[in-house]
Amino acid sequence: MIAGARPTLKDIAVRAGVSVSTVSYALNEHSTLPLSDTTKATIRQIAREIGYVPNGLARSLQAGSSRTIGVLLDKPLTTPRYAAIVQGLSEGLTEQGLHLALLHKGPASQWVNAVRGYQLDGLIFIGHDDHEVPGELTELVARHGVPFVALDCGAFGEERPYSTVDFDYGAGVEVLMAELERRGTRIVYYLRPDVVSRAERIRERAVLAALGQRPEVALQVIPTGITADVLKRVDEDTDQQTAYAHEIVSRVEQALEADGTDPEHTTLLCSWGADVEAVYRVAQRRDPRFTVAGLAAGTLTTGLWPNLIYSRLPLEDAGRECARLIVGETSPSADHEHLLLPPVIDAGQIRNPETFARNRAADEK
């Protein structure tokens, strides 16, 4: 054996004075070929001594399974939303005895062929904004019967040749508005992104509908100024993230300065969880009685920060559901499931300014 080279079955066979096939049978726990216990023990001892590790790819090809699921995601895992989804996926797949392979850009045929060639057992596609399953990928999945699950692609209620998981953005708005009403909100400043995506369209319609049923609540819209182009730059550049946060702060300050609102009955409602921290800091700096709410969870913890409310998307649960569904999709008689997951309220208590100051100091340590 060459120094530094990976040990092979042939290396073991030479040391044991047997054939390569005998070594293969001795190392295979499921082999039915009769071998003496002494031969098996000798071969396995040599394998341990030289550090032999079975070729997983070769075994996958023989078994027709890699025990690995490819996850198609073109967003950075530094974004909490996608990190949470992948965390749920990883945990769910591990429970199923499967591995996760994070896949980035590439042609649809590349990943479908990876499944057909037993390098992957299936594919999970994570959508965002208006980024949905490409038509070419859908066609190839259907043609070749590839196990496939799509997450957050707006496919609920539609027939697809695969399983889907989506978030009920409209329900998230309604439960949050009900909580704000319970807390006595009379004015809502709605921080609305300028990204015209499916989720934002649903949320905006739901906000307007919810306020239409509550005529005692006034609405002020604060455009955040983030477009699809700006979002792309923010995703790729931390300096752009900082600049965007400063822009959010400036817009909120201008709106509050102009209107002279009643803080105790005013809520700053962020469509994006990523905007919550900047909005919360400027609002609480002006008056701790302001309430800040997010239609998705941000980085601040409701248990530590007063007057903070999230309509929390079940991101990790969605990942786990995808893991469960992809296993079902590997069955030849799979029934495609289409799940719509409702957000849940995550709300801290209404607290006084002194408590706010103590919690802020603790969170910043």
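These legends go with a set of close-up views of one predicted model.

**About the model.** Residues are numbered from 1 along each chain as its sequence is written, and side-chain values rest on heavy atoms, with hydrogens and water left out. Since the model is predicted, local features need pLDDT of at least 70 and side-chain atom pairs count only at pLDDT 80 or more, while totals for chains, interfaces and linings use all residues.

**View 1. The whole chain, before zooming in.** The chain holds 14 helices and 12 strands (DSSP runs numbered from the N terminus: H or I over at least four residues for helices, E over at least two for strands). Of its 365 residues, 44% are buried; buried means under 20% relative accessible area, exposed over 50%, and partly exposed in between (1.4 Å probe, protein chains only). Accessible surface comes to about 18100 Å², with 51% of that belonging to carbon and sulfur atoms (Shrake-Rupley method, 1.4 Å probe; for residues, only the protein chains shown count as cover). Take the contacts with a separation of 6 or more: 72% of them come from residues 24 or more positions apart, where contact means heavy atoms within 4.5 Å.

**View 2. The parallel sheet.** Here is an open sheet of 6 strands, in the order β2-β1-β3-β4-β5-β11, with parallel pairing; two strands pair if DSSP finds at least two bridges between them. At the edges stand β2 (99–103) and β11 (338–341), each with a single partner strand, so one side of each has no neighbour in the sheet. From one strand to the next the twist averages 20 degrees (axes are lines fitted to C-alpha atoms, for helices over the stretch in contact, and angles run from 0 to 180 degrees between N-to-C directions). Zoom in on β1 (residues 68–72) and you'll find 5 bridges to β2, in the parallel sense. V71 has L102 in β2 as its bridge partner.

**View 3. Helix α13 and its residue E329.** Helix α13 (residues 315–329) lies across β1, β3 (122–126), β4 (148–151), β5 (163–167) and β11, at about 170 degrees to β5. E329 sits in this helix and counts as buried because its relative accessibility is 7%. Beyond its neighbours within four places in sequence, E329 touches P147, F148, V149, Y162, S163, A334, D335 and H336. V146 is 183 residues from E329 in sequence, yet the two are 8.2 Å apart, C-alpha to C-alpha.

**View 4. The mixed sheet.** Another open sheet of 6 strands runs β7-β6-β8-β9-β10-β12, with mixed pairing. Its edge strands, β7 (218–223) and β12 (344–347), each pair on one side only. Strands β6 (residues 187–192) and β8 (residues 266–270) run parallel and are joined by 5 bridges, with Y189 opposite L268 in β8. Helix α9 (residues 198–212) packs on the sheet, touching β6, β7 and β8, and its direction makes about 170 degrees with that of β6.

**View 5. One side of helix α2.** In α2 (residues 20–27), the buried residues are T22, V23, A26 and L27. They share a side of the helix because they cover an arc of only 125 degrees around the axis (taken from the directions from the helix axis to the C-beta atoms).

View 6. Searching the whole structure turns up 0 disulfides, a disulfide being a pair of cysteine sulfur atoms within 2.5 Å. For C322, the closest cysteine sulfur is that of C153, 9.4 Å away and too far for a bond. C322 is buried, at 0% relative accessibility, and C270 is buried at 0% too.
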